Amino acid sequence: MSMQSSLVTPATPLQAYASTADLAISPASRREESTRARAVSFPRDQRTEPAPVRFIIIALAITFLTVFVVLPLVVVFASAFSKGISAYFAALAEPEALSAIRLTLLVAAISVSLNLVFGVMAAWAIAKFEFPGKTFLITLIDLPFSVSPVISGLVFVLLFGAQGYWGTWLQAHNIHVLFAVPGIALATIFVTFPFVARSLIPLMQEQGTQEEEAAISLGASGLQTFFRVTLPNIKWGLLYGVLLCNARAMGEFGAVSVVSGHIRGETNTMPLLVEILYNEYQFVASFAIASLLAMLALITLVVKTILERRLDEGQTPPDLEGLSR
Amino acid sequence: MSTAVARQSSLPGFGLTMGLTLTWLSVIILIPLAGLFLKTFELSPVQFWEILTSRRTLNALRISFGLSFAAACVNLVMGTIIVWALVRYRFPGRRLFDAIVDIPFALPTAVAGVALTQLFAQKGWLGAPLAELGIKVAFTPIGIFLAMVFIGIPFVVRTVQPVLIDLDPEIEEAAASLGASRWHTVFRVILPSLMPALLTGFALAFARAVGEYGSVIFIAGNLPNVSEIAPLLIVIRLSEFRYADATAIAVVMLLASFVIIFAVNRLQRWAQTRIPAH
């Protein structure tokens with residue numbers, strides 16, 4: 001239970017906090033103690049709300065989610081196809097659109113692979129060892145979740161900008177960080193920093209160190225142990241982290257907007273091109289790019305649900321659960 | 001180091017992985033954030049104060065924090081209603097609506113921004129009927145508020161959902177058997193047990209709304225002093241090369257989010273200590 005719910009939530013500080021909330025409020029042992037079998041049956045009206053109240057609550061929930069969540073999504077596709085399918089594909093075949101798609105894929109590839117390596121190492125150090133300051137370290141890793149995207153971009157402008165700390169030096173050596181791929185990649189790495197580590201830490205903590213210790217005592221090397229023992233155990237959690245990291249990397253807007261410089265055909269990622277085209281009243285083109293990003297979001301949600309089911313199946317048996325905590 | 005500190009484990013690799021983790025963390029997160037704070041020390045306290053108390057900055061901060069608070073309040077109420085419907089009732093499409101709650105998390109903010117603007121613009125699907133009622137949403141503070149409600153809703157739902165699922169039914173049954181009305185049970189027994197999770201969800205939704213940029217700026221109108229949010233003012237100051245102004249606003253917002261993280265951590269601790277008392 002605890003593992004599943006700690007992995008349910010994506011893209012936000014919630015992932016960090018929801019997991020702790022869940023662990024804190026519902027210790028498995030307390031639920032075991034509840035003796036539901038002995039519960040006397042009560043008149044139905046005392047255990048649930050009257051039918052009209054139930055109806056109103058359901059109606060409110062459905063209406064709210066439809067207006068605020070479903071309709072915006074529908075609008076994206078309706079606007080993208082408002083001038084027909086050929087206009088849609090023509091918009092996507094524009095050189096500017098293709099260059100934005102290429103840049104987005106490149107930046108996502110860079111930031112996901114770097115954060116993948118970092119995330120695995122951080123999770124190994126944090127989940128498999130005990131050391132003072134562990135909670136503080138996790139807080140630091142979570143930090144990007146609570147920083148405004150604009151500020152995540154601003155910090156790199158202050159370092160690498162023309163008036164920044166290293167701006168003059170970089171200019172003298174003709175190195176382009178800001179308004180170029182390195183800056184966009186750095187800002188993206190910053191905002192996607194916690195995802196992989198955050199999906200692995202609770203999973204690896206729950207699995208404990210017994211299997212790895214057995215492998216080491218049988219003579220396996222550290223790397224062999226990781227690739228043969230740990231990796232198969234965490235593969236779904238790892239995929240989960242990579243999935244969310246990738247979704248955010250491709251969709252990041254604020255941080256990238258600050259460091260990109262909006263050079264047409266060069267430093268515009270897909271979200272930035274959505275903005276530019278929208279501001280130029282090229283609605284079909286803007287929503288065509290937006291529809292690709294919306295599909296990415298929907299695919300991410302579907303794969304996430306599948307992975308969560310996998311993670312549930314691979315849950316450690318209850319008698320081992322207590323050992324790792 | 002690895003043997004002295006990490007003594008409870010016989011596994012290898014602590015020194016290497018911890019070393020690389022700290023290095024990567026410093027390069028990507030700590031040094032850039034430290035740079036932000038260092039930059040503010042280049043300002044004299046008077047300059048810092050003048051930037052923050054200028055009319056435009058104060059209004060931007062007021063708009064960001066005020067509307068975020070209002071949106072988080074709506075999220076708290078609507079989130080509770082949605083969680084209740086999803087967890088306690090069975091209705092057609094329940095699983096679908098459960099999945100839909102995550103869309104504001106997954107949808108890139110720029111996409112959400114243009115979609116909400118299109119929806120609430122004067123000729124939009126919802127904007128047109130609202131305009132007939134005399135309510136203008138897009139390019140007004142109401143638009144900012146609605147965008148903030150959109151991005152905040154999953155926080156409350158996903159924080160409270162696991163807690164409500166795990167809530168011991170015995171507590172409710174005990175209340176009922178002692179003669180409490182359903183109304184009484186919900187408001188005096190169930191909602192207080194959910195309180196730490198509700199407040200956590202509220203704080204997270206609030207924090208996200210304060211820093212939100214992409215989904216807000218399209219619908220905001222961005223009129224200085226009226227519908228200009230603080231993150232946008234940072235971007236404007238940067239484009240004017242007024243780095244000091246941008247930095248000062250950023251530091252205030254960053255400190256505010258640190259306070260919120262701290263509050264959320266305290267809430268979690270509160271939740272942990274009060275449960276055994278039941």
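Predicted model: local features only at pLDDT ≥ 70, side-chain atom pairs only at ≥ 80, totals over all residues.
Me: What makes the pair Arg182(B) and Glu49(A) a salt bridge?

Reply: The closest N and O atoms of Arg182(B) and Glu49(A) are 2.7 Å apart. The rule asks for a side-chain nitrogen of Lys or Arg within 4 Å of a carboxyl oxygen of Asp or Glu, so the pair qualifies. Across the interface of chain A and chain B, the rule finds two salt bridges.

Me: Which helix of chain A gives the most to the side that touches chain B?

Reply: That is helix α5 (residues 51-80), with 21 residues. By class, this side of chain A has 76 nonpolar, 22 polar and 14 charged residues.

Me: How many residues are in contact across the two chains, and what area do the chains bury between them?

Reply: In chain A, 112 residues are in contact with 105 residues of chain B. The two chains bury about 9800 Å² between them, and 79% of that area is on carbon and sulfur atoms. Eleven residue pairs, both residues at pLDDT 80 or more, are found in polar contact across the interface of chain A and chain B.

Me: Why is Glu130(A) called partly exposed, and why is Lys134(A) called buried?

Reply: Glu130(A) has 41% relative accessibility, which lies between the cut-offs of 20% and 50%, so Glu130(A) counts as partly exposed. Lys134(A) has 12%, which is under 20%, and therefore counts as buried. The side chains of these two residues meet in a salt bridge, at 3.5 Å from N to O.

Me: How do you know that Arg56(B) and Glu228(B) form a salt bridge?

Reply: Their closest N and O atoms are 2.7 Å apart. The limit is 4 Å, so the pair meets the rule. Arg56(B) lies in helix α4 (residues 55-88) of chain B, and Glu228(B) lies in the loop between α12 (214-220) and α13 (230-239), so the pair ties together parts that are 172 residues apart in sequence.

Me: What makes Glu212(B) a buried residue, and which residue does its side chain meet in a salt bridge?

Reply: Glu212(B) has 2% relative accessibility, under the 20% limit, so Glu212(B) counts as buried. The side chain of Glu212(B) meets that of Arg208(B) in a salt bridge, at 2.9 Å from N to O.

Me: Which residues are linked in a network of salt bridges?

Reply: The network links Lys304(A), Glu308(A), Asp98(B), Asp102(B) and Arg158(B). Over all chains, the count comes to 20 salt bridges.

Me: Why is Cys245(A) called buried and Cys73(B) partly exposed?

Reply: Cys245(A) has 0% relative accessibility, under 20%, and so counts as buried. Cys73(B), at 29%, falls between 20% and 50% and therefore counts as partly exposed. A search of the whole structure finds zero disulfides over all chains.

Me: Where is Ala180(B) found, and why is Ala180(B) called buried?

Reply: Ala180(B) is in the loop between α10 (169-177) and α11 (182-211) of chain B. Its relative accessibility of 16% is under 20%, so Ala180(B) counts as buried. From C-alpha to C-alpha, Ala180(B) and Ile229(B) are 47 Å apart in space, and they are 49 residues apart in sequence.

Terms used: Residues numbered from 1 in each chain as written. Chains lettered and ligands numbered in written order. Heavy atoms only, no water. Contact = heavy atoms within 4.5 Å. Buried area = accessible area lost by both parts, 1.4 Å probe. Polar contact = N/O pair within 3.5 Å; in protein donor to acceptor, adjacent residues only side chain to side chain. Helix = DSSP H or I, 4+ residues; strand = E, 2+ residues; numbered from the N terminus. Nonpolar A, V, L, I, M, F, W, Y, C, P; charged D, E, K, R; others polar. Disulfide = S-S within 2.5 Å. Buried < 20%, exposed > 50% of the residue type's maximum accessible area, 1.4 Å probe, protein only.
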